[in-house]
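Open your viewer and get ready to select residues.

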Amino acid sequence: MAKRVVTVNRTYGSNGRVIGIQLAEALGIHFYDKELLKLAQEQKNIPYEELVKVDEQRPNPWRYPVDDPTLMEGQYRFYPMNDVLFHTQEDIIRALSEKEDCLIVGRCANHILSDVPHVLRVCISAPYAYRVDAIMERADIDRSKAASLVKKTDKQRREYYEHYTGQNWLDLSQYDICLDSSRLSEKQIVTTLAALYETL
């Protein structure tokens with residue numbers, strides 16, 4: 001039987017990751033977010049801390065791949081770490097889609113699995129002001145810092161996605177369903193997506 005996969009793209013502060021965790025728990029499937037970095041670390045023998053620095057970010061042409069090149073295998077030392085991580089995660093995501101039912105957050109998974117059947121491609125967003133309020137509460141910071149963090153993180157995710165896919169990050173045609181987390185409760189969203197998952 002073909003495996004069923006949910007991919008979740010999210011704007012920062014829309015609680016897409018939290019919703020993804022709840023959905024995976026409701027469906028009884030594995031949840032992958034930072035877990036993909038651990039799998040990439042194991043495959044490529046690259047320090048986890050170096051992978052975290054470039055996670056979901058496009059390459060910086062001025063940055064050396066790692067701070068201490070002796071810590072990684074020779075064949076990876078002179079490639080942008082972002083590229084190494086993206087292509088490693090691409091292979092991992094494809095392998096996971098063949099191995100198990102799962103939910104994957106970000107990392108262009110909707111694009112990577114665009115030719116794979118039984119994938120539910122989800123985008124979760126919310127109005128900017130709502131997301132700023134959410135980050136103020138979550139991080140316990142003032143409005144100015146929260147606004148800056150929302151803009152910066154959205155910009156990083158957009159540039160990463162568009163660099164590696166050549167597609168517009170928020171082009172709704174790339175998703176099967178797009179939900180506004182300011183208008184629906186987390187429970188409503190999870191219930192809706194769980195029902196759609198059962199139709200895959």
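Predicted model: local features only at pLDDT ≥ 70, side-chain atom pairs only at ≥ 80, totals over all residues.

Residues are numbered from 1 along each chain as its sequence is written, and side-chain values use heavy atoms, leaving out hydrogens and water.

Now select residues 16–27. This is H1, with twelve residues. (Helices are DSSP runs of H or I, at least four residues; strands are runs of E, at least two; both are numbered from the N terminus.) From first C-alpha to last, H1 reaches 16 Å, close to the 16 Å expected at 1.5 Å a residue. That expected span is 1.5 Å times one less than the number of residues.

Which residues of H1 are buried? Color Gly 16, Ile 19, Gly 20, Leu 23, Ala 24 and Leu 27. Buried means under 20% relative accessible area, exposed over 50%, partly exposed in between (1.4 Å probe, protein chains only). They sit on the same side of H1, because they cover an arc of only 135° around the axis. The arc uses directions from the helix axis to the C-beta atoms.

Turn to the face away from the buried side. Glu 25 and Ala 26 are exposed there.

Go back to the buried residues. Their packing partners include strand E1 (5–10) and helix H8 (186–197).

A disulfide needs two cysteine sulfur atoms within 2.5 Å. The count is zero disulfides.

Key
Contact = heavy atoms within 4.5 Å.
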